[in-house]
Amino acid sequence: MVTTRTDEMAFLDRTNLTREEARERSAVVTVHDYDVHVDLGTALDAQATGFRTRTTLSFSCAAPGSSTFLDFIHDGVESVVLNGRRLDTAQVCGRSRILLPDLAGSNEVTVVGTALYSTSGEGLHRFVDPSDGRTYLYTQYEPADARRVFATFEQPDLKGRFTFHLTGPADWVLASNQPEAARRDAGDGLVTVDFSPTPPMSTYITTLLAGPYAVWEDHWEGHPGSGAPEVPLSLYCRRSMAEAMDAERVFGTTRAGLDFFHDLFRVPYPWGRYGQAFVPEYNLGAMENPGLVTLTEDYVFTSRATRAQYEGRATTIMHEMAHMWFGDLVTMRWWDDLWLKESFADYMGTLAVAEATEFTDAWTTFAHRRKGWAYVQDQYPTTHPIVADIADLEAARQNFDGITYAKGASVLKQLVAFVGREAFMAASREYFARHAWGNAALQDFLAVLEEVSGRDLADWPVQWLQTAGVPELWVRDGDSPVLCQRGTDPATGRQVLRPHVLRVGSYVPDGGGRLVRTAVTDVEVASGATGAHIAAGGAVAGHEAAGGEGVGAVRLVLPNDEDLTYAKIRLDPASVAAVLEHPVTDSLAAATVWAALWNMTRDGLLPAADFVGACCRLSGHLEDVGLYSQVLGQAETAIRRYAPAGVRTGLRVRFGAALREALSGSGSVGAGSDRQRAAMRVFALLARGAADAGDAEDADHDAVHDVVTVLESVLAGWPGGARTAGDGTAEGGRAAVAPGLEVDAEMRWAALQALAALGRADQDRLDRSLAAEVTAQTAVWHRTASAAVPEARVREEAWTAVIMGRTADGRVLSNDHLSAVAAGFTASRPDLAAPFTPRYWPELTGIWAGRSNGLASRTIGGLFPAAQDALPGGPDAQDAHPVVAAARSWLAEHPEAPRALRRIVIERTDDLVRSLRAQAAGR
């Protein structure tokens, strides 16, 4: 309760809106309309830090005479006029909030002030293209950064209709959620564009776009069955990337998605236009702003992209499109139900890609990539139920994680199996009809689903949504085989036995030694049960019918075949032996198997050497390039993080030889193929560690020479980066050691970064390479390479730059550039980073207090001292590791530190302990 002027100012300065404050505000406030004018007349002035913004907001108050507050993070408030009365800004304005006293039943407030341009990707981000000097701006608000641009009621359940006005250079593209309604001259080469009013929407999905963007236009013809009219389509990206924009392919995916979701939902697309802007230095994959989706420009492929990258872009497009109904049309009341919109979009996005595009194996990608993210997140000490307790905005920011997205989507996939697909889709349609343009919660959706499906769902959300942790499934063989489960909620320590509807498959080798499925059995595990019997003659017995003989026969019994549920799979010893030596033919089954092996490696149950050995033997059989890339990347991580120090060099040599064979184009990985490109990416990462034995003079010189030969071959023949044009010359953009490999900017800088980390590319060479092809991406890659040079002076400069947020010559590091320098600092030679570890801990609270959440998270996560060797002794001895002890000491000494900051430290420490334990177990 605000009782004194000091308390009042502290309240007005506070940025962290709480759930209780939001509830109290929404109990008395009903928002009607926003009229917002943002003036970007200063955007081209590099010295200008802010822009003028004017907001007029009309709203009702259920308790006349009471007070409320607006949210506005600003650089100065010029005026606040409430119901015709000019308020004293010194009395009502803090750094983050504006007090509105003595409200009437109907109210209108106008706030004029200055907001700040952003370099963090939060609010209104300003970016100058290094290739041509052009300036681009875009907004990113979720969960609560619209208040960095204009005065708002910044919470999702206070929806309003927005009319935006945007002033900027006359030759710029100026865009927002709705189409342009009028344009007028604003003098000095500027224009003001007025946009049509929006339907009711939350503040966090409003958006503005400004700059000399390249534009493409098309249309979707509509959907007679649902009554959806024609929808204008548009695409935007920076002009310097326009040649790389494959507009027709993106439009094709967009039209396919609109067809699919209209067939599925039968609710007309409600937002008029459908624009998609690919923007620089974006913190996310994309954002579902209705009418104008923003996506990372990484999806505009300036270097050759693999099929997996095209699939990833398609999945993101479909994910954001699903939000147009689930999240935008019907929105959560508060961030507790963030998971519902994100899980729904993650599930629907994959479903749409699998059924409406060429990427029919999209569920394989979901199994090995998205669920892998969830399994990691769900095993941290910070894990939380899918329906999380989000007490404030800082907690909301931290919950855009693998549980909210991927675990939630996995559980929705299990829910679809539980109630049936038709019932689930029918319930979705009814949910949209009941709650369109409003806000809803989990119980609203479950109520509809119970009505439609006839299933009793009283226990289902308790077991799946309100508990944390990863269940484990395994098969106990015998005369009466049983699918067993166990589970514990890490937060409470209580046993959790969830319901599962799944399948168990049996696989045996075919004539070529490949594991093929011979039987599959449907199994339903009841809530509260420790397992369920597998039907006689089903999957476990199926291998015998296919020719298995005795206990020594090669066979795989695969729980969760077809990946219907969410669980960590524990393979029995015979199955582990089989999959370490034999490839699995089906891509989804292979993804499930490799996920099980990776979980065993991380848990210290499978030596990293065994995982890497299996990768060397079997990865060539993985035809899905996404799964192939994932497994190669995991093998590199296994060497770097989970292998004991004494075996890393040997494993690097062995894995490097396997990658060189893949690069050669011989065997199953063809020359010029996507998988060859994926192998080169991982080889470049692996190469960074070739001299990690300590001082480079102590490294295996033959191994380093072999690595350097490959890397120089990639660069040979390119004047910008080649050391010489001698051995291993490449012609026509092809590397001699990798026939058919397209050597473009991505490949060149992957090689340069590795050479820099090995001390084989100095700053002059890196600068010449950048000068030869200056783009936004090459500038970021150059930052990483420059910081990776293994010299103490270079690491000191990199450390200082990340800690200070600016370079030695005073240039502010934007979000991407800050992360790039941190990545270079940790790229190789952990011995050079070790002296900075004692300096890390005292910086944490100051960094968190002095930066935005996004920049602080990048700094603290990026510099965490993760590369450590296990102490002598077993896994339990690793708790005494000095870095672990320092981390836990910091946590003990800072119990009142912001929860989001503590969460980063807790999770990074848990990663470290896991790696040390796995190293100790693998000795």
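This dialogue walks through some local features of a predicted model.

Reader: What kind of model is this, and how are residues numbered?

Author: This is a predicted model: local features need pLDDT of at least 70, side-chain atom pairs count only at pLDDT 80 or more, and totals for chains, interfaces and linings use all residues. Residues are numbered from 1 along each chain as its sequence is written, and side-chain values use heavy atoms, with hydrogens and water left out.

Reader: Where does arginine 914 lie?

Author: Helices (H or I, at least four residues) and strands (E, at least two) are DSSP runs, numbered from the N terminus. Arginine 914 belongs to helix 31, residues 899–921.

Reader: Is arginine 914 buried or exposed?

Author: Buried means under 20% relative accessible area, exposed over 50%, and partly exposed in between (1.4 Å probe, protein chains only). Arginine 914 has 15%, so it is buried.

Reader: Which residues is arginine 914 in contact with?

Author: Contact means heavy atoms within 4.5 Å. Leave aside neighbours within four places in sequence, and arginine 914 touches Gln379, Arg602, Asp603 and Tyr642.

Reader: At what angle do helix 21 and helix 23 pack?

Author: Axes are lines fitted to C-alpha atoms, for helices over the stretch in contact, and angles run from 0 to 180 degrees between N-to-C directions. Helix 21 (residues 745–757) and helix 23 (residues 776–788) pack at about 15 degrees, with axes 7 Å apart. That makes helix 21 roughly parallel to helix 23 (angles under 35 degrees count as roughly parallel, over 145 as roughly antiparallel, 65 to 115 as roughly perpendicular and the rest as oblique).

Reader: Which residues of helix 21 and helix 23 make the contact?

Author: Helix 21 gives Ala745, Glu746, Trp749, Gln753, Ala756 and Ala757. Helix 23 gives Thr778, Trp781, His782, Thr784, Ala785 and Ala788.

Reader: Where is there a cis peptide bond?

Author: The cis bond joins glutamate 142 and proline 143, with omega about 5 degrees. Proline 143 sits in the loop between strand 9 (135–140) and strand 10 (161–169).

Reader: Which residue other than glycine has a positive phi?

Author: Aspartate 188 is one, with phi of about 55 degrees. Its loop runs between strand 12 (180–187) and strand 13 (190–195). Aspartate 188 is exposed, at 82% relative accessible area. Glutamate 562 is another, with phi near 70 degrees. Glutamate 562 is in the loop between strand 27 (556–559) and strand 28 (568–569). Glutamate 562 is partly exposed, at 23%.
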